[in-house]
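Reader: Hi! Could you walk me through this model?

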Amino acid sequence: MMYQRPKGTNDILPGESEKWQFIEETARLLFRDYQYREVRTPIFEHYEVISRSVGDTTDIVSKEMYDFYDKGDRHVTLRPEGTAPVVRAFVENKLYGPEYPKPFKAFYMGPMFRYERPQKGRLRQFHQIGVEAFGSSNPATDVESMAMALDFFKQLGIQEVRLVINSLGDKETRTAYRQALIDYLEPHFAELSEDSQRRLHENPLRVLDSKDKRDKQFVAEAPSILDYLSEASRTHFEAVKEMLTALAIPFEVDSNMVRGLDYYTHTIFEIMSDAPGMGAQATICAGGRYDHLVEELGGVETPAFGFAMGIERLLLTLESEGITLPALNDLDAYVVGLGEATNVESLKLLQAIRNFGFSADRDFMNRKAKAQFKSADKEGAKLVLTIGENELAEGVVNIKGMASREEKAFPLAEVYSRFDEIYDEMTTVMFDE
Ligand code: ATP
Ligand code: MG
């Protein structure tokens, strides 16, 4: 019996995993510059943490949860997103305490799970890199966060991106807009999808986020939430736009954008890839402000802002833009051992080189000399050390710099005592004037 991976999941294999490492490393370095610190939450959470945060009427909670009852009859779920778990951790671990900086800035990366219809850029286990900033209601936090996301894409060499923003306002805004939206949609009730009919009175904003054609035809003409912004919400949104402009960051406003999660307030945004072939999965980063979620999960009122990006979609974008990430698997040295008698010594050499902090490899398959040199070449070794039975008897090893093509015999004892110097000597290419 041969098994296949579960539908909507991927094995990330060598050749591909290096790209993941590069993306994750780039994120870690950049986030450190912005003073975000890593938080790692469990892969599963109490069901209620997610349902209360993301919202019962959202697609995520109503259709896409990997939830189950454990052996202790607890209702748990694999996490479908990262914000609710981080907020739960923020409240539980009192990260608002005096020993923590304000705003408290956290980032996370890891797998998320949603029972969706798998397609290009849409998986059941996918991966997000996300950030959250707690404690600041300053619009500068919104803009710093969006600028950081754009910085990240720039560092990866991604060019064809577009920042789209909107405001969902505060509670006052939502109450006014909710009624306007119901009034607008009610006459079309019969033409809406079943989902939207069900949600119209419970959560009419969800209709705007529907991917169903029957609903989409009404979205374009729907009243704009921006016409219902309260004074405070308008001021906040104006400040965000002003700061984006001050930083020379281009943006578009899309008043129909509402996002698929209920917790957002004020600024929301998406970064879309315009690279060809992204189709309906062109949103590579999404987020916004969520000023009431901390309270909702039992904490004290704390304004917050965050975003998440999908690594799989990021990789599709890189591919589509023809960007190759730098390879991280350089090989410093390859030890060629000729003859059974050198098996021990070449292992010792290999380990000694590694102990000097260099990467090294050798043959383990009893290959012939020619095949070993070919491997060294294929792996891009900068230095090739060759030891045969004669060298072993004389206590020497031949070392060749692959760039300089220079070759020299060194006493084994020297390799063991000062390989770092030998490496520098043999990898430096001298040019004659
Ligand atoms: P969509 O509208 O595409 O379903 P969403 O609104 O559900 O996205 P969020 O929950 O805001 O997305 O997640 C943030 C990002 O995570 C998305 O912009 C996308 O890049 C990525 N993402 C979300 N769901 C998936 C998935 N099933 N597979 C791969 N990536 C995903
Ligand atoms: Mg979705």
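Author: Happy to; we can go through the ligand site, the cores and a few loop residues. This is a predicted model, where local features need pLDDT of at least 70, side-chain atom pairs count only at pLDDT 80 or more, and totals for chains, interfaces and linings use all residues. Residues are numbered from 1 along each chain as its sequence is written, chains are lettered from A and ligands numbered from 1 in the order in which they are written, and side-chain values use heavy atoms, with hydrogens and water left out.

Reader: Thanks! Which residues come nearest to ligand 1?

Author: Arg114, Glu116, Arg122, Lys211 and Arg259 come nearest, out of 16 residues around ligand 1. A residue is near a molecule or strand if one of its heavy atoms lies within 4 Å of it.

Reader: What are the polar distances for Arg122 and Lys211?

Author: Arg122 has a polar side-chain atom 2.8 Å from an oxygen atom of ligand 1. For Lys211, an N or O atom of the side chain is 2.9 Å from an oxygen atom of the ligand. There is a backbone case too: an N or O atom of Gly310 lies 3.3 Å from a ligand oxygen atom. A polar contact is a pair of N or O atoms within 3.5 Å; within protein, one must be able to donate a hydrogen and the other to accept it, and residues adjacent in sequence count only if both atoms are side-chain atoms.

Reader: And how much of ligand 1 does the protein bury?

Author: The protein buries 93% of the 580 Å² that ligand 1 exposes when taken alone. Those areas come from the Shrake-Rupley method with a 1.4 Å probe; for residues, only the protein chains shown count as cover.

Reader: What classes of residue make up the shell around ligand 1?

Author: The shell has six nonpolar, four polar and six charged residues. Here Ala, Val, Leu, Ile, Met, Phe, Trp, Tyr, Cys and Pro count as nonpolar, Asp, Glu, Lys and Arg as charged, and the others, Gly among them, as polar.

Reader: Which strands supply at least two residues of that shell?

Author: β6 (125-134), β10 (283-289) and β11 (304-310) each do, and β10 gives the largest share, three residues. Helices (H or I, at least four residues) and strands (E, at least two) are DSSP runs, numbered from the N terminus.

Reader: Switching to packing: how many residues are in the largest nonpolar core?

Author: That core has 96 residues, and Ile23 and Phe31 have the most contacts inside it. Helix α5 (residues 139-155) gives the most to this core, with eight residues. A second, separate core of 19 residues includes Leu350, Ile353, Phe358 and Leu385. A nonpolar core is a set of buried Ala, Val, Leu, Ile, Met, Phe, Trp, Tyr and Cys residues joined through side-chain atoms within 4.5 Å.

Reader: What does Phe31 touch beyond its sequence neighbours?

Author: Leaving aside residues within four places in sequence, Phe31 is in contact (heavy atoms within 4.5 Å) with Tyr36, Phe107, Ile129, Val131, Met148 and Met309.

Reader: Now Glu81: buried or exposed?

Author: Glu81 counts as buried because its relative accessibility is 3%. Buried means under 20% relative accessible area, exposed over 50%, partly exposed in between (1.4 Å probe, protein chains only). Glu81 lies in the loop between β4 (75-78) and α4.

Reader: Which polar contacts does the Glu81 side chain make?

Author: A polar contact of 2.5 Å joins the side chains of Glu81 and Tyr263, and the Glu81 side chain reaches the backbone nitrogen of Thr83 at 3.2 Å. Not counting residues up to four places away in sequence, Glu81 touches Val54, Met112, Arg114, Gln128, Leu261 and Tyr263. Arg114 is also one of the residues that come nearest to ligand 1.

Reader: Okay, backbone geometry. Which peptide bond is cis?

Author: The bond from Lys102 to Pro103 is cis, with omega near -5°. Pro103 lies in the loop between α4 (83-92) and β5 (104-113).

Reader: And what is phi at Gln35 and Asn366?

Author: Gln35 has phi near 70°, a positive value in a residue other than glycine; for Asn366, also a residue other than glycine, phi is near 55°. Gln35 is exposed, with a relative accessible area of 59%, and Asn366 is exposed at 65%. Gln35 lies in the loop between α1 (17-33) and β1 (37-38), while Asn366 is found in the loop between β13 (360-362) and α14 (369-378).
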